[in-house]
Amino acid sequence: MPHSNYRYFSLALMAILTISACSTIPAFSGTPVSATSTKSAADTTQTADQLSQIQIQLANLQTQIDGLQNQMNDIRQQQTTLSRYINVHIPASDVIATSDPAANDNISEARHLYNAGLYAQSIRLLKNADSGGNGSAPAQERMWLLLQSHSRLNNCESVINIGKRFTNLFPQNNHSPNALYQVAQCQAHLQQQDIARTTYQHIISTYPNSSAASKARHLLKK
């Protein structure tokens, strides 16, 4: 082969190989577009999932709120029923007793509570009656009712303190013998047997014709 033909053939072969190599290289400009589209689609899906979760949480919160509202309605209904049952309404000014017992004449309300078996509420209403107030008949009645409420709840320390004070302040009151008898009962309950016997003897000597004295004699014979 002549040298000029060989050179021409070599150049032609190189040109063919170059063209072939270029045709196998993928287009670069399409790759970033495809990646961006994929990322955008993923972000959209994630946002949709988050919104769906938030909607579920809001629905759960609304359910809880509805449940609490139903409970509040039930409580209001119970309060209304209780108020009708005991037929008494206690204003806040009555629950917080004043320093002047005469200005806080709540015997009727306290008696309603006591008769309904609401002894703790009766005690709260009469909490300042343990001093005997001004010594009037209503003040004595409040103190006696307070003593009975404590007795019903077996609050022996309060029964002893209020009962002793009641009989000391109002020895001529018809309730005084029974007040002392309840004191003695609580003393015996607290294992203060000797002190209880002394109280029974005091009942017998001070109120010999009372029913409390009769019960005290019976207990001392045991």
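Modeller: Let's start with a charge and a ring: Lys215 lies over the face of Tyr181, at 4.4 Å from the ring centre. That label needs NZ of Lys or CZ of Arg within 6 Å of the ring centre and within 35 degrees of the ring normal.

Colleague: Good to know. Where does this model come from?
Modeller: This is a predicted model, where local features need pLDDT of at least 70 and side-chain atom pairs count only at pLDDT 80 or more, while totals for chains, interfaces and linings use all residues. Residues are numbered from 1 along each chain as its sequence is written, and side-chain values use heavy atoms, with hydrogens and water left out.

Colleague: How many helices and strands are there in the chain?
Modeller: There are 10 helices and 0 strands. Both are DSSP runs numbered from the N terminus, with at least four residues (H or I) for helices and at least two (E) for strands.

Colleague: Back to rings, how many aromatic pairs are there?
Modeller: The count is 4 aromatic pairs. Rings of Phe, Tyr and Trp (its six-membered ring) pair if their centres lie within 6.5 Å; planes under 30 degrees apart are stacked, over 60 edge-to-face, and the rest tilted.

Colleague: Why is the Phe166 and Phe170 pair edge-to-face?
Modeller: Because their planes are at 70 degrees, with the ring centres 5.6 Å apart.

Colleague: Are Phe166 and Phe170 buried or exposed?
Modeller: Phe166 is buried, and Phe170 is too. Buried means under 20% relative accessible area, exposed over 50%, and partly exposed in between (1.4 Å probe, protein chains only).

Colleague: And what does Ser176 touch?
Modeller: Leaving out residues up to four places away in sequence, Ser176 touches Phe166, Thr167, Phe170, Pro171 and Tyr207; a contact is heavy atoms within 4.5 Å. Ser176 is in helix H8 (residues 176-189), and counts as buried because its relative accessibility is 0%.

Colleague: Switching topic, which residues have the most contacts inside the largest nonpolar core?
Modeller: Leu126, Leu146, Leu147 and Phe166, in a core of 23 residues. Such a core is a set of buried Ala, Val, Leu, Ile, Met, Phe, Trp, Tyr and Cys residues joined through side-chain atoms within 4.5 Å. Apart from it lies another core of 12 residues, including Tyr181 and Tyr207.
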